[in-house]
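Please keep the sequence and the coordinates at hand.

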Amino acid sequence: MTLPFNPPERADWFIRDRFGMFIHWGLYALGARHEWLMNFEEIDPSTYYKYFQHYDPDLYNPREWAETARRAGMRYAVITAKHHEGFCNWDSQLTDYKVTNTPYGKDVLQEWVTAFREAGLKIGFYYSLIDWHHPDFTIDSMHALRNHPDALEMNKIRDMNRYRAYLHGQVRELLTGFGKIDLIWFDFSYPERAWHDGTPGKDHNDWDSENLLKMVRELQPEILVNNRLDLPLGAADFYTPEQYQPESWPTIQGQRVMWELCQTFSGSWGYYRDEQTWKSPDQLIKMLINTVACGGNLLMNVGPTARGTFDKRATAALEVYHEWLRLHGRAIYNCTQSDFTPPPGCRYTQNGKRLYLHIFSWPFQEINLPGLAGKVEYAQFLNDASEILLAAPHHITLVGEEAPEVEAGTLTLTLPVQKPDVQVPVIELYLK
Ligand code: GLC
């Protein structure tokens, strides 16, 4: 039985486009050892300032980035306007801690928006609710200064009311200064993370999420908003599982939700020079298929270097998507979960009367598709549009002919012995 799924009309593009680029770019690119380095290493803002003083991405060319994203088959992009470190990638009027005051001197966000829009990509801003630099953001269990001997003392003069005003003001700047913004990605609330002195983690009260969301919807009525504001079901447009692969369509209270999986090429969002856990081409492609097969989007992350470039390993990973999507895009864009159950080692995606069989594990000579007998009019490989015969081959052996045993209602496809030379082969089934 199909569960209800009622996305708003303004989400049509999102569901259609399926694949986007996440970009984590900030001062942490200089440290080149995780975007949380300020927190992990408990660096205080005055020490962290060295990155600000040396920020000069001289090779930054957002047109090249946009071209690379398009080539990889990505149709939208989300960039960090501000991450937890507090540094702002635009010329905010509310702080000095911004890109225009670094040696680079220019508004990287403005240039980015122009380039990505021109390339025809939908655009989104990631905005960190958390801020380890702002002097009014109270120190808590997740703060870079959590173990500072004077932390409690320092909190006495910190005022979340002032921080809230700053946060709301910055979001207003982002949603009024750059034209139409298609998506906003807030990160994140942590009510369950209490500190040792009993101070609770931050939640919707700290951000005044209700009014923040109200303002967002007023300023950009078409925008899509993610779910990390700690608001009740129904407030957010989409859910954001992170760094794990859901195996079925995520539901809340029996209702399928719109969702977007975010993933990294290696184990960090920001540029991490020495990180080695880069995903294989096989994992990258299967991640995308698995996501769409469960009705979701994939937001794949790149952490550009402090020169403003995509590192070779990221470029190679993006090229894997280019290679595969060039031939198999039809099985991803506009597609969603199918009501048919795929055979073992396979996934289905579906777009109306086109059913796509993604074969993860290549079988010998035939494949059985339960429930599809009499329902398919034509079948072909997607990579070269070569016909796939709907009948099973005759099994002539030295001991005579053996009919393959299949359950009633099962359709058998005849396959070549050799797997086509693509990362994951896909058979396009035209349903009657
Ligand atoms: C996390 C991390 C963060 C990253 C984000 C992306 O919540 O705090 O560094 O930006 O996930 O989903």
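Lys 98 is buried, its relative accessible area being 9%; here buried means under 20% relative accessible area, exposed means over 50%, and partly exposed lies in between, for a 1.4 Å probe and protein chains only. The model is a predicted one, in which local features need pLDDT of at least 70 and side-chain atom pairs count only at pLDDT 80 or more, while totals for chains, interfaces and linings use all residues. Residues are numbered from 1 along each chain as its sequence is written, and side-chain values use heavy atoms, with hydrogens and water left out.

The side chain of Lys 98 meets that of Asp 91 in a salt bridge, at 2.9 Å from N to O. The term denotes a side-chain nitrogen of Lys or Arg within 4 Å of a carboxyl oxygen of Asp or Glu. Side chains of opposite charge can pair when their charged atoms come close. Asp 91 is partly exposed, at 30% relative accessibility.

The structure holds 23 salt bridges. One of them joins Arg 63 to Glu 118, with the closest N and O atoms 3.0 Å apart. This pair links distant parts of the chain, since Arg 63 belongs to helix H5 (residues 62-71) and Glu 118 to helix H6 (residues 108-118), 55 residues apart. Helices (H or I, at least four residues) and strands (E, at least two) are DSSP runs, numbered from the N terminus. Glu 118 is exposed, with a relative accessible area of 55%.

Another salt bridge connects Asp 282 and Lys 286, at 3.0 Å from N to O. Both residues lie in helix H11 (residues 281-292), 4 residues apart, or about one turn of the helix. Asp 282 is partly exposed at 28%, whereas Lys 286 is buried at 18%.

Most residues other than glycine have a negative phi, and most peptide bonds are trans. The peptide bond from Asp 187 to Phe 188, however, is cis, with omega near -20 degrees. Phe 188 is found in the loop between strand S4 (183-187) and helix H9 (204-207).

Asp 208, although not a glycine, has a positive phi of about 50 degrees. Asp 208 lies in the loop between H9 and helix H10 (209-219), and is partly exposed, with a relative accessible area of 25%. Gln 243 likewise has a positive phi, near 60 degrees. Its place is in the loop between strand S5 (224-225) and strand S6 (251-252), and Gln 243 counts as partly exposed at 36% relative accessibility.
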